Amino acid sequence: MRPAAVAALALVSASLFAVGAAPGGGPTPPLPARMADTGGGRQLITAVAPNPGSTSGTVTWWSKRNGQWVEAGSAAARFGAKGLVEGAARRQGTNTTPTGLYELPYAFGIKGAPGGTTYRYRAVRQNSWWCQDNDSRRYNRWVEPRPADCRAAESERLIAYTRQYAYAFVIGFNYAEPVRGRGAGIFLHVNGSGATAGCVSVPADAMRRILRWAEPGKRPHLAIGTRSGRTGITRY
């Protein structure tokens, strides 16, 4: 083969891999099939941004059927006002969304659970707070009522966010064994007026659809990441 033809072939091959084409020219496997880990369950939510500086992207929820991942729904998403950052390196108060693979401990909301919801759903009350005080023994936990060591100025009164917390999922970031200063109160919730303070948000209808779809027995997880690079979602 002539050198020019070899070079052209190499260029075409590189282009195919750059856009994610499968080797051999076959269809690209669905995103969960290309990830390092999906949590071991049969449901997965992916939240993907174009790059670390993005404040918008796409949330997709997937179901595993007969060993194959199938898209169950998708919606436009918003991320932190300062973009995304590797979860292990995140600092509290930076308005960044932590990348990584996380469990979804439970759902909650100011409004009642949508019909058909089977996930544990906690009702927000007048004295429901999320403690974000680094000096509190209840750091990164729902508190009701707010304890004396959890300062109001360092926490969120959940009912005050009538739009965002109409429906929400707790994201298990820094949750099982909280590290002070890493961040607290990271949720999947309904869109507010713009980018988030570090959460992932979607339209209200999408949150209702996700809540009806999620089944605790199928162990859904949420993966957050970018299309490629150090925070590429396929790394998680």
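Author: Strands are DSSP runs of at least two residues, numbered from the N terminus. The model discussed here is predicted.

Reader: How many helices and strands are there in the chain?

Author: The chain has 2 helices and 14 strands. Of its 236 residues, 46% count as buried. Its accessible surface is about 11,500 Å², and carbon and sulfur atoms account for 50% of that.

Reader: What share of the contacts between residues at least 6 apart in sequence join residues at least 24 apart?

Author: For the chain, that share is 60%.

Reader: Which part of the model has a pLDDT below 50?

Author: The general idea comes before the case. Where pLDDT is low, the predicted coordinates should not be read in detail. The chain averages a pLDDT of 92, and 89% of the residues score at least 70. Over residues 1–21, however, the pLDDT is below 50, and this stretch has 5 contacts in the model beyond near neighbours in sequence.

Reader: Next, the backbone. Which residues have a positive phi although they are not glycine?

Author: As a rule, most residues other than glycine have a negative phi. Here, Asn66 has a positive phi of about 55 degrees, and Asn95 has one of about 60 degrees.

Reader: Where is Asn66 found?

Author: Asn66 sits in the loop between strand E2 (56–65) and strand E3 (68–78). These strands run antiparallel and are joined by 10 bridges. Their hairpin has 2 residues between the strands, and Asn66 takes its positive phi there. At the strand ends, Arg65 stands opposite Gln68 in E3.

Reader: Does Asn66 count as buried or exposed, and why?

Author: The cut-off for exposed is over 50% relative accessible area. Asn66 counts as exposed because its relative accessibility is 81%.

Reader: And where is the place of Asn95?

Author: Asn95 is in the loop between strand E4 (84–86) and strand E5 (97–103). With a relative accessibility of 30%, Asn95 counts as partly exposed. That class covers values between the buried cut-off, under 20%, and the exposed cut-off, over 50%.

Key: Residues numbered from 1 in each chain as written. Predicted model: local features only at pLDDT ≥ 70, side-chain atom pairs only at ≥ 80, totals over all residues. Heavy atoms only, no water. Helix = DSSP H or I, 4+ residues; strand = E, 2+ residues; numbered from the N terminus. Buried < 20%, exposed > 50% of the residue type's maximum accessible area, 1.4 Å probe, protein only. Contact = heavy atoms within 4.5 Å. Areas by Shrake-Rupley, 256 points an atom, 1.4 Å probe, with all protein chains shown as cover. pLDDT = per-residue confidence, 0-100. Pairing = 2+ DSSP bridges.
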